[in-house]
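Me: I would like to learn how to read ring contacts, surface patches and confidence values in a model. Please take them in turn.

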Amino acid sequence: MRFKWQVRFSLAIAKKDARIYYLKGPVLIFGLFFPLCLFGAFVFGRKISPTLLMPGLLGMTLFFISSSATPVIAPWEALNKTLERLVSTPASVSAIIAGDILAGFAYGILVSLVPLGVGLFAFGLTLVRPAVLILTLILSAVCFAGLGTLFSTLPTTIPSNIMLLSNLVRLPLLFISGVFMPLERMPGWGKALSVISPLTYTCDLARHALLGRGYFSISRGLVTLFVFAVAFVFSSIQIHKKTMSKRLA
Amino acid sequence: MACAIQVSDLTKSFGGLLAVDHIAFEVKRGEIFGFLGPNGAGKTTTQRMLTTVLKPTSGTIAIMGYDLRKAPFEAKMQMGVVPESANPYLDLTAWQNLMLMGQLYGLGKKRRRARAEALLAFFGLSDRSRSKTRGFSKGMKQRLILAMALIHRPRLLFLDEPTAGLDVQSARLIREHVVDLNGKGTTVFLTTHNIEEAEGLCDRVAIIDGGRIVAVDRPAALRAALRSAQSVEVVFDRGLDGLESLEALPHVTGVKKAGEGYRLHTDQPGEVACLVADLARAKKRKILRLNTLGPNLEDVFVCLTRKA
């Protein structure tokens, strides 16, 4: 019964987040426009087939959109003096953070349909493994939204500090995750580093789903993404429980 | 009757700083309880612990009989909270803000719509219900925040400086609503440093200073306990050459110029009034006004917070 209430609270918070944060210019620019520009730079600059880059674009868009607003919601709400009232409602800290993750998840899935549609209809890609694609989108969106809330555990009320931290982590991940080239073409050190990035598995699984081939096995990719997702969500909620008081003190 | 709030041995420290120091008090159901103190005394920290925003370092809190540590969900369902300098969501409309709060207190769709409509009408915001609150005045925002805190008909309402920074009309409107709610059975915990407001609204007040409760009682009882803050106010037709003749009167502990007259502090105002009349005759002055004054809550507050 109590769990059912908290799920309802999470849905209400997710709806609020979607209305307030996900239609803002910076979120759309970083989540959609930025990956499209990077995609364009690689397609036109290096004459790589757009078809080969589509899985990377899909992963990159999902990565940036799902983790775009989640890092700043908590500090933003503390700054705007709305967080204290939220915390004093019957919604638990877990429900509040789960709501933020849910909004990032839903928005990530929704916006990633744009590059997917472009790939399928403009570049003639075919969906080789639809089930793999669906599982990849779901697990990746949870994982990246969870990563976003993990950044926001830093108890500051200055959103730009969190954005700085999140971009310091997110941008380097782009270059070690096989976004712009398949993993098999990466140098040895790149391959070694790539295993620590969840984006690696998203892009690799997207290749399985759209191109019919990948570097890791599908099961390894899905299990690893699941482990990353659980780890990010769980640790984020636990740390938020500890730091929420500090943020409001 | 069980208490609305029971606090015992409550302490909060931030690092090495002891913000709230082993305080204990009770708030009865149905009363307006004022929580007064100078800036930095520990008022807001205490309210934040009572509303689960901060975790106490030690001590216990019970809200409507629910232990806040063991049953926070049940306790939170009983309370509405207006935090200090809170905002509604500026990118949402007044209606959306109310719907969100209704959902966060578990109200069904039909019930929260009915409550929101009633509250918007009650607070005079019906015509702006579909406007984003970014364009609201401070008074309108504060009325909406109060409405948000009342969406689930809480039995206990926490207000932290609810009229701070508001114009006279908005502040008066909020105070009238608070009295009205209390008349309907809502217990109110009012944190404020506006002594006049506390004196006008509260059944009982607690005064906190340096993290410790220095007094808890009815405002009238606190005033009566402070005999030394009684005074005599006198206005003569012409001023005296100095304050010396007034200071020399027996039982007078201090004299101050107060507007066109003088204020003489004493613990025996009746006797001093007679002596002032004698002095006026001796100095050939006419008395235009002579009043004996009891201490107000501000005198009590200043006296207690100075001693602590």
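**Rings, charges and confidence**

Reply: A:W5 counts as buried, at 18% relative accessibility; buried means under 20% relative accessible area, exposed over 50% and partly exposed in between, with a 1.4 Å probe and protein chains only. This is a predicted model, in which local features need pLDDT of at least 70, side-chain atom pairs count only at pLDDT 80 or more, and totals for chains, interfaces and linings use all residues. Residues are numbered from 1 along each chain as its sequence is written, chains are lettered from A and ligands numbered from 1 in the order in which they are written, and side-chain values use heavy atoms, with hydrogens and water left out.

Me: How many aromatic pairs are found over all chains?

Reply: Rings of Phe, Tyr and Trp (its six-membered ring) pair if their centres lie within 6.5 Å; planes under 30 degrees apart are stacked, over 60 edge-to-face, and the rest tilted. The search of the whole structure gives 19 such pairs. One is edge-to-face, between A:W5 and B:F73, with 5.9 Å centre to centre and 65° between the planes. It crosses between chains, from helix α1 (residues 2-20) of chain A to helix α2 (residues 72-78) of chain B. Helices (H or I, at least four residues) and strands (E, at least two) are DSSP runs, numbered from the N terminus. B:F73 is buried as well, at a relative accessible area of 11%.

Me: Which kind of pair do A:F228 and A:F232 form?

Reply: A tilted one, with 5.7 Å centre to centre and 35° between the planes. A:F228 and A:F232 are about one helical turn apart because they lie four residues apart in helix α11 (residues 218-248) of chain A. Both are buried. Ring pairs also link A:F228 and A:F232 with A:Y201, A:Y215 and A:F216 in a cluster.

Me: Where does A:R8 lie?

Reply: A charge sits over a ring if NZ of Lys or CZ of Arg is within 6 Å of the ring centre and within 35 degrees of the ring normal. A:R8 lies over the face of A:W5, 5.7 Å from the ring centre. In chain B, the charged end of B:K257 is over the ring of B:Y262, at 5.1 Å from its centre.

Me: What is the mean pLDDT of chain B?

Reply: pLDDT is the predictor's confidence in each residue, from 0 to 100. Chain B has a mean of 89, and 97% of its residues reach 70 or more. Among its elements, helix α11 (residues 297-307) of chain B has the lowest mean, 70, and helix α3 (residues 94-104) of chain B the highest, 97. Where pLDDT is low, predicted coordinates should not be read in detail.
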